[in-house]
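Good morning, and thank you for coming. Please look at the sequence and the structure on the screen while I speak about how the parts meet.

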4 protein chains.
Amino acid sequence: MKNAAIFGASGYTGAEAVRLLLSHPNIRIKALSANRHADEDYGDVFANFAGQDLPRTQAIDDIDLLDIDVVFSCLPHSTGQAAIAKALGHVDTVIDVSADFRLSDPALFEQVYGAPHSQPQFLKDRVYGLTEFARDSLLGARLVACPGCFPTCALLALLPGVQAGAFTQSTLIIDAKTGVTGAGRKATLGLHFSEVSDGAHAYAIGNHRHAPEMEQELSRYGYASPISFTPHLVPMNRGMIATCYVELSGDTSVNQLRALYADRYTNDPFVHVLAEGDIPQTRHVRGSNQARIAVCADRVLGRAIIISVIDNLTKGSSGQAIQNYNLTQGWDETLGLETTALFP
Amino acid sequence: MKNAAIFGASGYTGAEAVRLLLSHPNIRIKALSANRHADEDYGDVFANFAGQDLPRTQAIDDIDLLDIDVVFSCLPHSTGQAAIAKALGHVDTVIDVSADFRLSDPALFEQVYGAPHSQPQFLKDRVYGLTEFARDSLLGARLVACPGCFPTCALLALLPGVQAGAFTQSTLIIDAKTGVTGAGRKATLGLHFSEVSDGAHAYAIGNHRHAPEMEQELSRYGYASPISFTPHLVPMNRGMIATCYVELSGDTSVNQLRALYADRYTNDPFVHVLAEGDIPQTRHVRGSNQARIAVCADRVLGRAIIISVIDNLTKGSSGQAIQNYNLTQGWDETLGLETTALFP
Amino acid sequence: MKNAAIFGASGYTGAEAVRLLLSHPNIRIKALSANRHADEDYGDVFANFAGQDLPRTQAIDDIDLLDIDVVFSCLPHSTGQAAIAKALGHVDTVIDVSADFRLSDPALFEQVYGAPHSQPQFLKDRVYGLTEFARDSLLGARLVACPGCFPTCALLALLPGVQAGAFTQSTLIIDAKTGVTGAGRKATLGLHFSEVSDGAHAYAIGNHRHAPEMEQELSRYGYASPISFTPHLVPMNRGMIATCYVELSGDTSVNQLRALYADRYTNDPFVHVLAEGDIPQTRHVRGSNQARIAVCADRVLGRAIIISVIDNLTKGSSGQAIQNYNLTQGWDETLGLETTALFP
Amino acid sequence: MKNAAIFGASGYTGAEAVRLLLSHPNIRIKALSANRHADEDYGDVFANFAGQDLPRTQAIDDIDLLDIDVVFSCLPHSTGQAAIAKALGHVDTVIDVSADFRLSDPALFEQVYGAPHSQPQFLKDRVYGLTEFARDSLLGARLVACPGCFPTCALLALLPGVQAGAFTQSTLIIDAKTGVTGAGRKATLGLHFSEVSDGAHAYAIGNHRHAPEMEQELSRYGYASPISFTPHLVPMNRGMIATCYVELSGDTSVNQLRALYADRYTNDPFVHVLAEGDIPQTRHVRGSNQARIAVCADRVLGRAIIISVIDNLTKGSSGQAIQNYNLTQGWDETLGLETTALFP
């Protein structure tokens, strides 16, 4: 049994880590940090955990790291760098769900997140944990930066084609839709029920922070151009769609592309490439670690539409974090993640 | 005062026509057809009208057309062609909200809608009623084919740029999101609350019937290529977004493009081009006839993202129908349509 | 034309007043107060008003009251007493939507709202504006205290029976359900979309502030006992249900009770007593000033269930406020309120 | 390992049984019946199960009962009586989730459900499976009739007080709120997203079929009067609230009542009595087998309000079914039911 601490347990990604870890056979939750809610019963922070046998919340500095094997850090970006650096001096593994270690270039981090990185020495060796493309690096990794929810969703839809050289450069467009939990558990007017329900809208057009992250990864696999990326907020709790518009290079057909994807993910327990004609829905992966991908013909010859759906809190965040930790330990990656999606 | 009949008053677009016409100063509702609900109090068909002074529903053939000046036909596509042809023999004006007279080419109609058109003789002279681009033809028009909701939303976002030659060919991508009323008032499993709420999904990828309609109109204004078009179903009652990805031709800047749009729509009471940085939300046009358009810079140089939102039942359907009828009569186009959007 | 100022125009009830007044034939909106949003375009405070011809927001003290005939005060309770007192020195009429002048006993006000009333001199002569029971007092009234949303909904369901002595004492139970706008436009965690959507809960059990208000009014009409009242929060924007459980006194039958209600409200344009077997839904009064009431037999002999639905922002707040103002002026009470409910 | 068949696997309660059984350590799903969807991949019936290792659906008569240990029957009421009778000839245990065996009096069944019971011989010995009140009878039981969702929710809130004689007769009122899945997976207009979302309403006032069932059980424990019961439909997928209004007998205080409840349920793993001041929310039990109960003081002296929330598909249906089966086998009742609620 490994002992886990969750940093930032008062947010939605923290709570999702707790929910999933409670059914993990090899992990025991030993500490929950929540600076603004320190020393509370966790069931008072999130009522769905009332009655569960969980430690009380602590200030992050009060956690006894000697007792901890793994930290799942679910802090808001830019707030956990020092705590993670400190933790790396005591625990075997840190799985960071925030944006802090995703960008390998500290200058780019500063440009995108508006403040210098305080621990750039860890950026070179951290593993970027898009699990299905990081398996070789995960075993034994000490610091894993989990991808953002949009990058997870879009990269799963794009990387097999990019790797195969199936797409032309400079043509990629990603139109994404996300549920409201993606914005976190903040008391802001923009997240008020009546300001968000029964309607939809785009946001952060042309300047969302996940775009440089996607470009970083796409370029590692051979797509070197900037991308169009537009997220939209949809009145649902969980769920994310990336609708990716690609131009096919050479004479790749859509059926060949679908076969390539099916083949690429054939051994991946959480990624399902749908049969021709099937279209994934976010509600069918609600609460599960699955990604579902459809490769579809466009009306425009020579183009394809690739659609990927995930639960932004699970595969898009804390589920993938656990999947990554499982692999750092050489365990079956599905441990703690076998749950069927909750539908309806 | 003109006397109006609404064909197909038991559907959502029919009910929207009734709602709006009730506050129209120059129109009196004289007949409501509802074949499956014939001879009912309209307040039993739609409870929000209970207590209103409205005629009982009738079978369409029982309506006395001698008494009618204008028919608003809100029948499902392919079911109203004969009734409209018959009505044109008696009434001054037919405003058709269905798809039946939108495509000018009967062969294309048959291909897209799966059955031959029974009244192709009317296709040549009907007016395609995207109001802001049809004013010159509307005065005195006898048959107006109102655009589909997606075409209305997307064409308003695209035509000014297309007319100005601002976009390159073969690059247009339209990613759309719609509320559930767009699918009509059908008792199907796919529209069951629990199958639609708290989630989102794409549908009709690459083969939605509104794509040929958009291509028909785009080509009239100078964009001759097929388009990528992907609609998504979002858990909201009303509302539609068209997120349009365009490549700018020549050296048009995004700011120039925005200015061009603002100029183009400056005299249009229902189309608002937002200032730089503002992003429209569907909930802010709920129940109103407005379209709101944002012209945004993309991350990719030389590209722009144009976002348009409407209420699919109002500007996307029965609101535009009334706007069109107002113009056939030479009236102020805002009559009956002055309502502020209902928010929240 | 009368000139209106809206105090507290940055909240939902303020915005609802603006929305309705925009279509009022006899009222011109001259001033909008919004202390925290002073000197803004109102379309930036509520985007659904973008493009409307409305005054910019002002700090409340900057409004020139000499120019104003009527103030609609939509301020949070306890914050508007002084401003209303000042306004009464300049304008003809103040219609207060807040709780500040509803309780006629200043000691009870202090007990319920936790602070002494600063202007108790106005409590004696203010009119409690449950319109259908206040007509005789409204003509010429200078200060009208509009009932709370729950009192409006429940009292309409109860007062005809109470007046007729149809209910036994000490048996009244009111179980209410409200949409989220009832809680106001506050950025709090409890109103975050994901904390409110896809679920329901009771709140303020046994101690909601509207209970003493209901008791005050019930006792004026002959029901002198305390009441059971439990509100529940439901994931909808607008709408309210009061499900009222009553014990019938003497040998009143449910059918007689229903007939009594139908008779009582027969001349009330906004109150509809449904036929036996019909059940009202909140969505069918969305955005309208209607109340719909069903008088139903219970399983338990000698009991009845009376159900009332309203839109909490319209009949439950700013709609009733305008209805009241219309009557202070001797106008038709429906002016500005003829809108059909927006469904779906 | 026990082999299970699920009858009626194409409905929501059937799917919930499958979801939960997939994580049950002692049960293997061997057969899924779905007459209208026979011979389909279960992932085509419910997409959230795509990729799971599950048997294809069968017509109910094609299931080889020799292979089955336990049947979970999730058929609509009145449709499964013969199939259950047949199954009882072959399998050890039948857990019926429908209404068919809940009422012990066949005459009452016929009156309530409108058709005679075809297998009344089983009514006498079936166990009514409100688990927390049926433990003594469950071990070895062959036919368990699981309570309806409303009876489960309300009886858990009422029976401890009834057993203790804490409530006066003839005063009980139950006001309930349910999510839409409670109405089943039927393609009807009344369940259309736009007819159900963003609003609420009561239904089946005074005549809901679960009322006689509640009265049957209440009378077994000492409350012999008819009850007032009014359900309301709320726009949420899962979740149910029973708000119960009781008059306290003798000099029982609310605090004593709460202590009595806490004591009664102290050993029940799925029933949580909340501390004074806490109020349960349905979203915090979403997808879990928990019931949460608050015992609250009313404004009216001598009365209390007891609020119970469950997930109607889990504790209100298939979760309780599995809990019951666990106890028929002498297993820990939490097997397969340990999941934390999914929030948000």
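Buried area is the accessible area, taken with a 1.4 Å probe, that two parts lose on being put together, summed over both. The size of an interface is often given in this way, as the accessible area lost when the parts come together. Please note that this is a predicted model, in which local features need pLDDT of at least 70 and side-chain atom pairs count only at pLDDT 80 or more, while totals for chains, interfaces and linings use all residues. Residues are numbered from 1 along each chain as its sequence is written, chains are lettered from A and ligands numbered from 1 in the order in which they are written, and side-chain values use heavy atoms, with hydrogens and water left out.

I begin with chains A and B. About 4,100 Å² is buried between chain A and chain B, and carbon and sulfur atoms give 55% of that area. On the side of chain A, the residues that lose the most area to chain B are A:Asp198, A:Arg283 and A:Arg299, together 18% of what that side buries. Counting contacts, meaning heavy atoms within 4.5 Å, we find 50 residues from chain A and 50 residues from chain B.

Which charged partners meet here? There are six salt bridges between chain A and chain B, a salt bridge being a side-chain nitrogen of Lys or Arg within 4 Å of a carboxyl oxygen of Asp or Glu. A:Asp175 forms a salt bridge with B:Lys177, with the closest N and O atoms 3.0 Å apart. The side of chain A that touches chain B divides into 27 nonpolar, twelve polar and eleven charged residues. In this division Ala, Val, Leu, Ile, Met, Phe, Trp, Tyr, Cys and Pro count as nonpolar, Asp, Glu, Lys and Arg as charged, and the others, Gly among them, as polar.

How are the two copies related? A rotation of 180° with 0.0 Å of shift along its axis superposes chain A on chain B, with an RMSD of 0.0 Å, and that is the relation of a two-fold axis. The superposition is by least squares on the C-alpha atoms of residues with pLDDT of at least 70 in both copies. Of the interface residues of chain A, 100% are also interface residues in chain B, so the copies meet through the same surface.

Next, we look inside chain A. The contact takes 13 residues from domain 1 of chain A and ten from domain 2 of chain A. Together these domains bury about 1,100 Å², 46% of it on carbon and sulfur atoms. In domain 1, A:Tyr12, A:Arg102 and A:Val112 lose the most area to domain 2, together 44% of what that side buries. A:Arg102 also forms a salt bridge with A:Glu213, the closest N and O atoms being 3.4 Å apart.

Finally, I turn to chain C. The contact takes 20 residues from chain A and 20 residues from chain C, and the area buried between them is about 1,600 Å². In chain A, A:His192, A:Phe193 and A:Asn237 lose the most area to chain C, together 38% of what that side buries. Two salt bridges are counted between chain A and chain C. C:Glu195 forms a salt bridge with A:Arg185, with the closest N and O atoms 2.8 Å apart.
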